[in-house]
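Let's take a friendly walk through a sheet and the helices around it. Have your viewer ready and follow along.

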Amino acid sequence: MRLSKSLNRSLWVFHFNSGSCNGCDIEIVATLMPRHDPERFGIKLVGSPRHADVLLVTGPVVHAMKDRLIRVYEQMADPKVVICVGACGQSGGVFYDSYNLDGPVGEVIPVDVYVPGCAPRPEAIINGVVKAIAKLERLQEGKND
């Protein structure tokens, strides 16, 4: 897989916790450690959604985070890809019937890649990022699926 000329640079990822138990966040930190080292492939976390190509969301969307998640999503420049990490972000997980949830991430913003698991292994997270790169390449070429 070769990135198009417009993506011929590092893939910048912004991480957003929308109300998770932090299990997925710990696995994201494990993914960033030297054992897997995604930075050697040009994948790095950034501190601002305005600089990011990918939005990495963990957890179900709680009431307090819904507006913030939408705002962060809207601040990202096009083309952008959203990766939802963990079972909680996909279906609510163990919190599915909580009074405080506005639903899974897919009901609040459009999600392009789901990484299943509770909590997903670092290899699964890296696989999700590879799928996000492929999606960004298709968006750059004008092919939207």
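**Around strand S5**

Start where Val-85 stands opposite Val-115 in S7. Strands and helices here are DSSP runs numbered from the N terminus, with at least two residues (E) for a strand and at least four (H or I) for a helix. The model is predicted, so local features need pLDDT of at least 70 and side-chain atom pairs count only at pLDDT 80 or more, while totals for chains, interfaces and linings use all residues. Residues are numbered from 1 along each chain as its sequence is written, and side-chain values use heavy atoms, leaving out hydrogens and water.

S5 and strand S7 (residues 113–115) pair in parallel over three bridges; pairing requires at least two DSSP bridges between two strands. In this pairing, Ile-83 faces Val-113 of S7. S5 is also joined to strand S3 (residues 54–58), in parallel, by five bridges, and there Val-57 sits opposite Cys-84.

How covered is strand S5 (residues 81–85)? Five of its five residues are buried, meaning under 20% relative accessible area with a 1.4 Å probe, protein chains only. In a regular strand, side chains alternate between the two faces of the sheet. In S5, Val-81, Ile-83 and Val-85 are buried on one side, and Val-82 and Cys-84 on the other.

Now zoom out: five strands form an open sheet in the order S2-S1-S3-S5-S7, with parallel pairing. Strand S2 (43–45) and S7 are the edge strands, each pairing on one side only.

Finally, helix H4 (residues 122–140) lies across S1, S2, S3, S5 and S7, running at about 160° to S5; angles run from 0 to 180 degrees between N-to-C directions of axes fitted to C-alpha atoms, for helices over the stretch in contact, where contact means heavy atoms within 4.5 Å.

Conventions: Buried means under 20% relative accessible area, exposed over 50%, partly exposed in between (1.4 Å probe, protein chains only).
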